[in-house]
Amino acid sequence: MAQTTKEKVLDFLISNRENSISGEELAKDCGVTRTAIWKAISSLRNDGFEIEGTTNGGYIFKDIGDAVSVPLFSFCLSEKYPQFKNSVVECFKEIDSTNSYAKRLLAKAGSIYSADGSLSESGKKLKDSIYVAESQSQGRGRMGRIFYSPEKSGIYLSVIYAPKGGIKNPAKVTAFAAVATSRAIKKVCGIEPKIKWINDLFFDGKKICGILAEGITNFETGTIEAAVVGMGMNIVDNFEDFPDEVKQVAGSIGKKIPRCRLAAAVAGEFLSIFDENPKDVINEYKEKSFLIGKNVKIQPIAATEDGSYFAKAVDIDDEAALVVELADGKRISLSTGEVRVFQES
């Protein structure tokens, strides 16, 4: 597919980054008029690209801004993760929930894979697709909890992961997403979050990211055909409207960074991580965990205190289950439930 004038201008400016390129030179290179160049520059600026004008009528590509747009996100994704440059991307100023939106698309589409194992037409569009929002009005966490997603504070995205043959271990998807998100935050923001089993990222003792993975079952085959994996990150503190119990634990990355750059890194790291050796990823998950060695309170059902008990977290096994040791020395593996660090008074 031939490049548009807008795409040609962006490529030319980026390849000559920090240098002033005149409108005349751009027009000649692109084979269009100066007016067409001006329109392309204006459109790129509207998308969120920071392009400065100089006194001699030239243009300089500086960076990407903090806008959230499909062109900006796609640029960030293809720059670092070109293997996913053809992924479908949608961006929203506000949405009810990126996970809910992706699930609706999957429900309408039917099967991701055809009977012969090849991607269906809808599967070609939805596999590895990415949905990004600046805010969510009905953000969701695990166990039906509300995930507060106010504007101007974070970035929220969902990715459709649909491997051939289906998903055998849903817990691994969540664990791999936690590792991928931690890597992305370190690369873009320069901080290294820790993981609280199984789906939260913490920094300086505060929760900065939550992950929600939801399976989509193919009833004909009985397999989990796809997962919608949502990652919500707090970039700056904006917790005034949060309930008191959430305020106590909520934290943020605390750095002003381009949100599309972070979101694209999260999506790229997540989609890439499944090509790695699973054992290596689990080992990294264990290294990033702050639960191992701690006394914990376990709630098998998060909505009630009934059935809760205490144990010591001693390991995370190859299936991403938390291994805990009970008071009598017996060890059990947990694949679900809620765990909190318990401090004796």
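Which residue in E10 does Ile160 stand opposite? In this predicted model, the residue of E10 that faces Ile160 is Val228. The strands E6 and E10 pair in the antiparallel sense, and eight bridges connect them. E10 is also joined to E9, again with the two strands running antiparallel, by ten bridges, and within this pairing Leu212 has Gly230 of E10 as its bridge partner. E9 and E10 together form a hairpin in which four residues lie between the strands, and Gly222, located in the turn, has a positive phi of about 75°. E10 is mostly covered, as ten of its twelve residues are buried.

These strands also contribute to the largest pocket, for E6, E9 and E10 are among the elements that each supply at least two residues of its lining, as are helix H5 (98-109) and helix H8 (244-247). The largest contribution to this lining comes from E9, with six residues. The pocket has a volume of about 1,100 Å³ and is lined by 45 residues, of which Arg145, Asp200, Lys207, Val246 and Val249 lie nearest its centre. Sorted by class, its lining comprises 22 nonpolar, 13 polar and ten charged residues.

The second largest pocket has a volume of about 560 Å³. Its lining consists of 17 residues, and those closest to its centre are Gln3, Glu7, Asp11, Ser74 and Ser78. Helix H1 (5-15), helix H3 (34-47) and helix H4 (70-80) each provide at least two residues of this lining, which by class contains seven nonpolar, five polar and five charged residues.

How values were computed:
Residues numbered from 1 in each chain as written. Predicted model: local features only at pLDDT ≥ 70, side-chain atom pairs only at ≥ 80, totals over all residues. Heavy atoms only, no water. 1 Å grid on protein atoms, 1.4 Å probe; cavity = no way out; pocket = protein on both sides within 12 Å on 5 of 7 lines; lining within 4 Å. Points joined across faces, edges and corners; volume = space filled by probe spheres on them. Nonpolar A, V, L, I, M, F, W, Y, C, P; charged D, E, K, R; others polar. Buried < 20%, exposed > 50% of the residue type's maximum accessible area, 1.4 Å probe, protein only. Pairing = 2+ DSSP bridges.
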